[in-house]
Amino acid sequence: SEEGSSVRVLGQIIQVQGDWLEAKRYFAQSVAILAEVGEEYELARSRYALALVLYELGKIEQARPLLTQAASTFQRLEAQIDLTAVTNLQARLQIA
């Protein structure tokens, strides 16, 4: 869904500006929209973005299942660059 992806992009802009909580809200909205329409790849990208913000906010346990879901999708779709980003964050969560 174009709307779900657009909401994620807005979240990324807000994230760059340093408003993690507002970015989290946008990413969660993007996940909800994309889950409803079944856009697997874009949904996985939004799950990763949400997990990254949760990680930055110290909410590691909330981030883990999102990363697992994103990794599964990226692996199935053979989206190697995205999968690498997810596995790198998963490695950081193991240390935390």
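Student: How are helix 3 and helix 4 oriented to each other?

Tutor: In this predicted model, the axes of helix 3 (residues 40-56) and helix 4 (residues 60-77) cross at roughly 150°. Angles over 145 degrees count as roughly antiparallel. The two helices, helix 3 and helix 4, are therefore roughly antiparallel.

Student: Which handedness does the crossing of helix 3 and helix 4 have?

Tutor: The axes of helix 3 and helix 4 come within 8 Å. Their crossing is left-handed.

Student: How many residues of the contact of helix 3 with helix 4 are nonpolar?

Tutor: Helix 3 contributes residues including Tyr41, Ala44, Tyr48 and Leu54, which meet a set in helix 4 that includes Ile60, Leu66, Phe74 and Leu77. The contact also has 3 polar and 4 charged residues. The number of nonpolar residues is 14.

Student: How is helix 1 oriented to helix 3?

Tutor: The axes of helix 1 (residues 2-16) and helix 3 come within 10 Å and cross at roughly 25°. Angles under 35 degrees count as roughly parallel. That angle makes helix 1, relative to helix 3, roughly parallel.

Student: Which residues of helix 1 make the contact with helix 3?

Tutor: The crossing of helix 1 and helix 3 is left-handed. On the side of helix 3, the contact involves Glu42, Arg45, Ser46, Ala49, Leu52 and Val53. On the side of helix 1, the residues are Ser5, Arg8 and Gln15.

Student: How many charged residues are in the contact of helix 1 with helix 3?

Tutor: The residues of this contact are divided by class, and nonpolar residues number 3. Polar residues number 3. For the charged class, the number is 3.

Notes. Residues are numbered from 1 along each chain as its sequence is written. This is a predicted model: local features need pLDDT of at least 70, side-chain atom pairs count only at pLDDT 80 or more; totals for chains, interfaces and linings use all residues. Side-chain values use heavy atoms; hydrogens and water are left out. Axes are lines fitted to C-alpha atoms, for helices over the stretch in contact, and angles run from 0 to 180 degrees between N-to-C directions. Helices (H or I, at least four residues) and strands (E, at least two) are DSSP runs, numbered from the N terminus. Angles under 35 degrees count as roughly parallel, over 145 as roughly antiparallel, 65 to 115 as roughly perpendicular and the rest as oblique. A crossing is left-handed if the near helix is turned anticlockwise from the far one by less than a right angle, and right-handed if clockwise. Contact means heavy atoms within 4.5 Å. Ala, Val, Leu, Ile, Met, Phe, Trp, Tyr, Cys and Pro count as nonpolar, Asp, Glu, Lys and Arg as charged, and the others, Gly among them, as polar.
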